[in-house]
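This report describes pockets, cavities and helix packing in one protein model. Please examine the sequence and structure below before reading on.

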Amino acid sequence: MDRELHGRLDELQRDPYPHYERARRAEGLTYVAELDAWLVARDADVREVLRRPEDFSSANALVPDVLPGSAALAVLGGGFGGRPVVVTADGARHQQLRAPIVRGLSPARVAAVLPYAAERAAALVDAFVKDGHVELMSAYAGKLPGDVIGRVVGLDPADVPAVVHGGHRAEELLFRPLAEGEQIAAAEDVVAMQHILDRYARERHAVPREDLCTELVTSVVGEGELTLEHRHELVAHLQNLLIAGHLTTTALIGTAVLHLLRHPRQWELLCAEPEQIPAAVEEAARHDTALQGFRRITTGPVTLAGTELPPGATLFVAFGAANRDTSRHPRPDEFDITRTPGRHLAFGFGVHGCPGSQLAREQLRLTLAELTRRLPGLRLADDRPVTMRPTMIHRSPESLHLTW
């Protein structure tokens, strides 16, 4: 992708909502050159695509914006992974890959990890509560989800920072233009994370435990010997699961706090009436969706919204656009935690609906309970304007400076 086109893509990703509005009003689908895809922006059309995985394959769901150079690819060759994962699989293979993740993120497993999540949330706030100011993304939002998903997977807390860092670097390597030296450094961090995850796969195969890592190992290997191919597959699954489990929830926490503090009366209402927190969680997820959308590719000729698409056509299925559709959500551009929650698409829909949605919701609920109770005077720092990260995958503030 050339520099000018990448500049336009950055601009679109930092604020996609005007593009979405135009696409919802247009007849049929709109082709967006910056995304190299047809933009699916209306609620009904997004739901139709998600209901028809046989016509709209997920094989290209994680196609990168940037292809790393040969030097970085050579470094990545020393790691693990690179195998199909649940997000990019279809049909029976998708169900097979998804089943252990659904079991590992069951309501009972989520309930079991919540006391730990509450303890970590309180400890993170303890670390800055007396300072009078904080940069929330690095001090809190970027830490809690990694700790929690790490606990569910079965990681030693000492390994979580390197795994979280590797996840950030993987996203950077595939979605940001980097100089060659930076690409190589990012690739080295990704490979370091992959070697940690491979160690867990080997350990859980040797000595199973009650954790999600063991669920995955058992589902892939069964009773047999752990082969090199198994190890590549397991690292791919673990990497995908962990990145989805922490980057998306980090983004959700950041955008939720940002919009609540941009609307001080709603923040004050939440402090006065904490029973409104579950509704605030849903409104934050709808209003500025952390995962803006995924790509799909047509498996044959198909017509969507009156637009005829050939086989192999790429679509960007925009959950964030559907969540601002007036046909589903009255006054969709308003952030209003008192609205009657509609059925939004922040966590997808259908066979690819996010299996970790309840865990993400619970972490945001805990966060809002902790912050409203302990820091009701929280506000955005006047001298630190907020810039959104240029990504459609994990939309959040680049930094979030708060005072009280």
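## Second largest pocket

The second largest pocket holds about 280 Å³ of space; a pocket is an open set of points on a 1 Å grid over the protein atoms alone, with protein on both sides within 12 Å along at least five of seven lines. A volume is the space filled by probe spheres set on the points, which are joined across faces, edges and corners. The model is predicted, and local features need pLDDT of at least 70, side-chain atom pairs count only at pLDDT 80 or more, and totals for chains, interfaces and linings use all residues. Residues are numbered from 1 along each chain as its sequence is written, and side-chain values use heavy atoms, without hydrogens and water.

Two or more lining residues come from each of α7 (136-141), α9 (160-175) and α12, and α9 gives the most, with four. Helices are DSSP runs (H or I, at least four residues) and strands likewise (E, at least two), numbered from the N terminus. By class, the lining has eight nonpolar, six polar and four charged residues; Ala, Val, Leu, Ile, Met, Phe, Trp, Tyr, Cys and Pro count as nonpolar, Asp, Glu, Lys and Arg as charged, and the others, Gly among them, as polar.

## Cavities

There are five cavities of 30 Å³ or more, a cavity being a set of grid points where a 1.4 Å probe fits but cannot get out.

## Packing of α5 and α11

Helix α5 (residues 91-104) packs against helix α11 (residues 212-221) at an angle of about 155°, with the axes 9 Å apart. Axes are lines fitted to C-alpha atoms, for helices over the stretch in contact, and angles run from 0 to 180 degrees between N-to-C directions. The two helices are therefore roughly antiparallel (angles over 145 degrees).

Pro-100, Ile-101, Arg-103 and Gly-104 of α5 make the contact with Leu-212, Glu-215, Leu-216 and Ser-219 of α11 (heavy atoms within 4.5 Å). This contact comprises four nonpolar, two polar and two charged residues.

Key: On a 1 Å grid over the protein atoms alone, a cavity is a set of points where a 1.4 Å probe fits but cannot get out, and a pocket is an open set with protein on both sides within 12 Å along at least five of seven lines; lining residues have an atom within 4 Å of a point. Angles under 35 degrees count as roughly parallel, over 145 as roughly antiparallel, 65 to 115 as roughly perpendicular and the rest as oblique.
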